[in-house]
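Work through the exercises below with the sequence and the three-dimensional view side by side. Try each task before you read the solution that follows it.

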Amino acid sequence: MINRKKLVQDKKILRVIDKNIAQHGRYKWLGIILIFLLVASTGGLYEQHAITTLAFSAALMLLGAVEFFLVVRFESVYGAGPARWRRWFVMNHWMSGALWAAFSVHIVLFYPLGTNTFLVVVLAVGLCSLANVEWSPYYRANLFFQSVVFLPLIIAVMLTNTINAYAIGGMLLSVYALLLQQAKTLNERHWSTIYDRHDLEIKARDLSQAVNVATEASQVKAEFLTNITHEIRTPMNNVLGMLALLDDTELSPQQQKLQGVAVRSGEGLLHLLEDVLDFSRIASGTVVLNKSVFNLRRCMDQVLEMLGPVAHGRGLDLSVIYERDIPLRLKGDKERLVQIVTNLVSKAIRLSRGAEIIVRVRLDRSDTLSGRLSVSVMLGGEALADDVVEGIFEAFCRTGGGEGQAEDTGLGLAISKGLAECMGGNIGFENPEEDGSYFWFTADVSVSTQQAQKDDGAKKLRGKAALLVGFPRGVEESLRTELDSWGMIINAVESVRSSENIVEILKRGEQDARPYHIVYINSPLRKSYNLELSEGIQKSDDIVSPKQVIMTSLAQRGMDLKSTLSDVPEIEWLTKPVVRSSINHVLAKLFDFEVKGPIKEAAKKSGGSYEEQDKHVLLVEDNKVNQMVARGMLTKLGYQVTTANNGQEALSILDQKPFDVILMDCLMPEMDGYEATEALRKRENTLERTPIIAMTASVVEGEELRCLTSGMDDYLAKPVNIDELGSKLRKWLGGANENEVEEGEVDELPASIARKSA
């Protein structure tokens, strides 16, 4: 509660008021002097009453000089005594009002109802109006000034004893009353403003203190999350690592089942931990975007490859459609974009009641090197119920799910919303009744100046005709878009009942001199593929048999099905969902040309064993269980391993012999990984630089940058699986498959995303 009496006596407030009144006092004196000179000269006062004019001018000069002194020397005089300065200034103000009142009375008596009278009356009204504004904080002082100026003037006008005088006097009396009311109102408003401002200052101060407390609490929370996540991920690395090593031992079927459940549970716990970290970063505004050049199509295709089997398990076809002229290479936070797409597609799979899910991608250019990426994920089927849609982007909203699907954490869409906003975009969900529900999000990206060139196969494929048989809308459009980019001619039919029907279509094409060179045949989900179509085309004598591509889901690719047509060179199998690399690979094989860019091999290892390698790895890790896990993985990968318990011990070992690569933990006793790396970089020859890969359980924003700044070359977050570890080592030891990495673009999904969607 504000103490108003205390505010009225507050020295800081009064000083501001007094200084403002003093600075604006010149307007009063400017008006007085101008009117006085006008009446004295033009009005003829000096000619008729010289002594009176000189007396009034002398008094005005004296009072003006006093006020001028009080204004010019405000700081010194006011500092010596505010109350004394205020008393002198108020007395001078009153005396100047009394002097003008006396002057006005003389003018009224000398020149009744003339021009001079009009001038002094107007100035009196002006002075009182100005005083009402400037002296509104001091109501009593202003009231006295108004009375001193107006009452003698009103009395003098009335004494002239004429009808006009009484009318003018009555008017002046009304103006006087209005000015008094105005003075009271302005005084109340002035101090009300002071009270409100003081109240706001108190609230702002309290709010600032609350913000500081919240900021400190947020910092404490961030430090807590940093420490607790490190402590949790360390044993998680041990648990998952040991389970991975256990999988390589002789296990009974029952033990294998239990081991699988334990692995999935551990990965689920890790998924939850990462979601909580992301949600906390977004809530605290500490998300750091790591911008790099990435291949847009490759990232989207890998998400589809990863989630395709999940969608197919629910009877949903999954496809991605790109608008024309979308650049391949963009610059942005690849991992965060993939995370949003993964979350939206996963949620769409849970919610969809249709037959397919269609992802559409477009880029709206703002200029040559920047634009807004727009991605929509269409669910298909009927509109969702209101209770499902309501709060869908709120944290811990667990809508969707279904039989055989694990319940998600309810943080995915809330995290996606925060990430989209961090990237300058937005996110939403549309639920129309007719066109089908869909998620959408936008993000600001840059366009790389270097784009891929067209493959040589474009010359061989241009003008070739393709027939698409029995594809759902989204898969057909996706396939059509890709084939059209090669310059091929595409025709599609929804379905055919038998091989005779498709042979008839092919025959008609030959008769019209537009033969089909390749036929894509779709195998509907959850149905066995009917070999009659392919065999009928092969055995028909009425047509020149075109090349065939049979598209099935992963679950339909049984060995018995493949072996039936495996000896036919003109038939290829393609696993849905449709992705660019797979389409191009099949086309290159059927039409005998070479495709530029990566073609991922189905498997990089055989029989679960790895080839022995003549490479030495120094493992720097203080945790004994972590040492055991990492050593087991490295041994399985075929590397020779030496361990060190801390950074100091690692430097001693490096003095004795060189290593091909160092796996460095960051938080260790005696000497941590950062210090050890900096010490090693200072003393080693730049031409013989040993690659150092950070292997740490700390996954807070900025940790990777800190590792790279200290001199490390790469970063692995615990828990580490054997495939991630092997990929990193092959990258730095020169054993990576040439197709794994192209022009600095990692061909695999970020490990955190892959684990979350597993």
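Helices and strands are here DSSP runs, with at least four residues (H or I) for a helix and at least two (E) for a strand, and they are numbered from the N terminus. The model is a predicted one.

**Exercise 1. The chain as a whole**

Task: Find how many helices and strands the chain has, and what percentage of its residues is buried.

Solution: Begin with the elements, of which the chain has 26 helices and 19 strands. Turn next to burial, where a residue counts as buried when its relative accessible area is under 20%; buried residues make up 47% of the 758 residues. The accessible surface comes to about 38500 Å², and 55% of this belongs to carbon and sulfur atoms. Finally, among contacts between residues at least 6 apart in sequence, 73% join residues that are at least 24 apart.

**Exercise 2. A nonpolar patch**

Task: Locate Phe-224 among the helices, decide whether Phe-224 is buried or exposed, and name the residues that make a nonpolar surface patch with Phe-224.

Solution: Phe-224 has its place in helix 9, which covers residues 163-246. Its relative accessible area is 52%, so Phe-224 is exposed, given that exposed means over 50%. Together with Ile-228 and Ile-232, Phe-224 makes a nonpolar surface patch of about 250 Å².

**Exercise 3. Antiparallel pairs**

Task: Determine in which sense strand 3 pairs with strand 1 and with strand 7, and then examine Thr-442 in strand 7.

Solution: Strand 1 (residues 292-295) and strand 3 (residues 329-332) pair in the antiparallel sense over 4 bridges, and the bridge partner of Phe-294 in strand 3 is Leu-330. Strand 3 also pairs in the antiparallel sense with strand 7 (residues 438-447), here over 2 bridges, and Lys-331 has Ser-446 of strand 7 as its bridge partner. Thr-442, which lies in strand 7, is buried because its relative accessible area is 11%, against a limit of under 20%. If neighbours within four places in sequence are left aside, the contacts of Thr-442 include Arg-372, Leu-373 and Asn-426.

**Exercise 4. Salt bridges**

Task: Find how far apart the closest N and O atoms are in the salt bridge of Lys-28 with Glu-67 and in that of Asp-665 with Lys-718, and decide whether these residues are buried or exposed.

Solution: A salt bridge needs a side-chain nitrogen of Lys or Arg within 4 Å of a carboxyl oxygen of Asp or Glu, and the count by this rule comes to 23. In the bridge of Lys-28 with Glu-67, the closest N and O atoms are 3.3 Å apart. This pair links distant parts of the chain, with Lys-28 in helix 2 and Glu-67 in helix 4 (residues 50-72), 39 residues apart. Lys-28 is buried at a relative accessible area of 6%, and Glu-67 is buried at 2%. For Asp-665 and Lys-718, the closest N and O atoms are 3.6 Å apart, and this pair too links distant parts of the chain, 53 residues apart. Asp-665 counts as buried at 3% relative accessibility, and Lys-718 counts as buried at 2%.

Notes
Residues numbered from 1 in each chain as written. Predicted model: local features only at pLDDT ≥ 70, side-chain atom pairs only at ≥ 80, totals over all residues. Heavy atoms only, no water. Patch = residues over 30% accessible without salt bridge, like charges linked within 9 Å, V, L, I, M, F, W, Y side chains within 5 Å. Areas by Shrake-Rupley, 256 points an atom, 1.4 Å probe, with all protein chains shown as cover. Buried < 20%, exposed > 50% of the residue type's maximum accessible area, 1.4 Å probe, protein only. Pairing = 2+ DSSP bridges. Contact = heavy atoms within 4.5 Å.
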